[in-house]
Amino acid sequence: MGIFSKRSVNDLGEKKKDMPEGLWVKCPACGESLYESALAKNMRVCTHCQHHFTLSSTERIESVVDEGSFEETELQLDSVNALGFKDYLGKVKAYQAKTGLREAVVTGRAMIDGQPVVLAIMDFRFLGASMGSVVGEKITRAIELATKEKCTVIIFSASGGARMHEGILSLMQMAKTCGALARHSEAKLPYISVLTHPTTGGVTASFATIGDLILAEPKCMIGFAGPRVVKETTHADLPPGFQTAEFMKEHGLVDMIVDRGEMRATLSKLISYIQKSKAAA
Amino acid sequence: MSIKQVLEFEKPLYKAREELDELRKKNTAKPSEKLTTQIAELEKKLATMQGDTYANLSPWQRVQIARHTSRPYMLDYAKLAFDEFVEIHGDRHIGDDNAMPGGFATINGVKVVLIGHQKGRDTKENLLRNFGSAHPEGYRKALRLMRMAEKFSLPVVSLIDTPGAFPGIGAEERNIAEAIAFNLREMMMIRTPMVAVVIGEGGSGGALGIGVTDRVLMMENAYYSVISPEGCAAILWKHREHAPEAASALKLSAQDLKELGIIDGIISEPVGGAHYDHRATAAALKTSVCDAIAELTKLSADQLLSQRYEKFRAFGQFTEVA
Ligand SMILES: [Zn+2]
């Protein structure tokens with residue numbers, strides 16, 4: 001799991017309740033106080049500085065799919081403590097209670113401008129969206145579903161990496177998800193990977209970086225090793241903007257940086273190029 | 001070979017061995033019944049001590065053996081277990097990664113492609129080998145060689161021994177994560193038999209990046225883990241000193257991984273670890289690798305691919321609730 005120094009990973013915003021008009025949120029990037037309702041209406045992008053706040057999976061789904069088209073799959077998968085790791089299930093239960101989610105990824109069918117897709121959305125609020133067996137299995141099943149239904153699979157990544165508490169089983173999810181993508185790719189079916197803040201470790205070193213297309217939200221952190229580890233290993237000053245989406249685009253990993261407000265239209269446009277139209281078939 | 005690095009838990013053994021040597025020297029110089037009795041007693045005591053120490057190695061002790069600087073490395077196996085090794089260099093794009101040698105090799109008369117991580121024993125070697133931590137170029141060279149193996153119908157043997165892929169600036173700039181991820185996807189589709197052996201350290205994604213194979217074997221004292229015990233301890237116990245507990249919790253030993261169904265077999269090491277006898281260790285590896293290749297060669301490419309897919313597809317434990 002990565003350790004981050006640059007940008008806070010928990011930037012859902014500091015909520016202030018002292019204002020009579022309702023909830024206010026302070027932008028962690030520019031310090032501006034924003035109306036919670038205005039922020040929500042703007043897909044949680046700061047109206048002042050364009051800072052992209054962390055989205056919940058529910059908010060993410062609403063921001064990209066045709067209204068009412070999302071149909072969740074594999075909701076039944078739940079974690080077990082395969083290694084007998086101390087306090088692991090207690091931790092999972094606490095996050096379940098806190099987030100209302102069963103695990104760190106939500107998957108399902110949806111439509112984007114009438115084009116069928118399968119979506120997987122990682123939710124950073126759930127144990128840093130670390131990948132254990134359930135996350136790996138749900139993502140694999142999502143890819144397999146897209147292969148079966150001959151449509152695009154879109155994965156919104158955000159993760160601290162492989163989940164330590166499931167040891168080697170977490171590591172093997174990297175091979176499992178990439179295996180499913182190998183078959184999906186062999187069937188000449190599209191996979192779009194969208195990187196959001198922060199995407200690191202075993203998720204970056206597996207499905208997140210092998211999309212036919214790789215998009216990223218502005219300024220999100222993308223890396224294999226955490227910046228602190230890189231600094232400690234190399235004893236060097238990190239280059240400016242190291243491990244940001246913009247840096248990764250400059251180094252050829254990311255195809256496009258897409259503002260949240262443009263994400264849905266961009267996905268729709270790209271899908272229209274790479275997915276065979278169902279209507280024409 | 002002479003063993004320079006004495007592990008903490010082996011110190012009493014080394015002390016007893018030295019005492020024994022001393023007594024034997026004295027007895028040779030001036031034999032006496034008293035010395036002979038002392039020697040016999042100490043020999044007996046040492047045998048018991050060795051038995052107690054090595055029969056009950058903790059996961060953390062195995063990690064230390066896996067990292068022992070006298071342990072046989074990839075190129076030692078290339079010499080001792082293979083008839084010959086013809087090294088091939090470079091990823092054809094950026095450079096040649098000396099932390100990941102590869103090339104053609106012959107094992108018991110069978111021609112294969114051999115890839116693996118290589119560590120160094122001293123500062124000079126480690127400068128060249130980067131402590132066995134490969135850059136993207138290493139993973140891309142390995143894939144290039146695996147594809148060549150596929151093209152010319154040669155099995156692939158992959159020897160895993162890395163603390164992890166290199167977490168450096170250049171590695172990030174040249175997309176180390178993508179280099180590993182791409183290998184994970186492509187290895188699933190390589191139409192030739194592939195065998196991996198974790199010979200020392202199986203450090204996370206850096207190990208898996210050449211480990212998606214039909215058979216995954218492990219040396220008895222090797223470890224394979226999602227995170228180093230020190231890294232896990234730093235996160236969970238807030239201190240690296242708790243690495244021994246983390247090593248146990250992570251279930252990273254060959255025995256634990258066999259029970260979890262992650263690996264296919266364990267290759268025995270000499271008492272005390274592979275570093276006590278390189279030749280015997282290499283001979284054991286040779287037998288296991290040859291057996292695995294012989295088994296896999298019987299399968300068609302389609303069978304190999306579907307079995308390889310199913311093997312990795314099945315990994316993971318979870319429950320399905322209503
Ligand atoms: Zn702002």
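Two strands pair if DSSP finds at least two bridges between them, and strands themselves are DSSP runs of E with at least two residues, while helices are runs of H or I with at least four, all numbered from the N terminus. Keep that handy for this tour of a predicted model, where local features need pLDDT of at least 70, side-chain atom pairs count only at pLDDT 80 or more, and totals for chains, interfaces and linings use all residues. Residues count from 1 along each chain as its sequence is written, with chains lettered from A and ligands numbered from 1 in the order in which they are written.

Start in chain A. Select strand S7 (115-122) and strand S8 (152-159): they run parallel, joined by 5 bridges. Click Val117(A) and you'll find its bridge partner in S8(A), Thr152(A).

Now widen the view. These strands belong to an open, mixed sheet of 7 strands, ordered S4-S6-S7-S8-S9-S10-S11 in chain A. S4 (71-73) and S11 (256-257) of chain A stand at the edges with a single partner strand each, so one side of each has no neighbour in the sheet.

Next, hop to the chain boundary. Pick S5 (77-79) of chain A: 3 bridges tie it, antiparallel, to S9(B). There, Asp78(A) sits opposite Thr319(B).

Then show everything that touches: 44 residues of chain B are in contact (C-beta atoms, placed from the backbone, within 7 Å) with 49 residues of chain A. On chain B's side, H8(B) gives the largest share, 8 residues.

Last stop: colour chain B by its domain assignment (automatic or from a database), domain 1 (8-56) and domain 2 (63-313). Their centres, taken over C-alpha atoms, are 37 Å apart.

How values were computed. Two residues are in contact if their C-beta atoms, placed from the backbone, lie within 7 Å.
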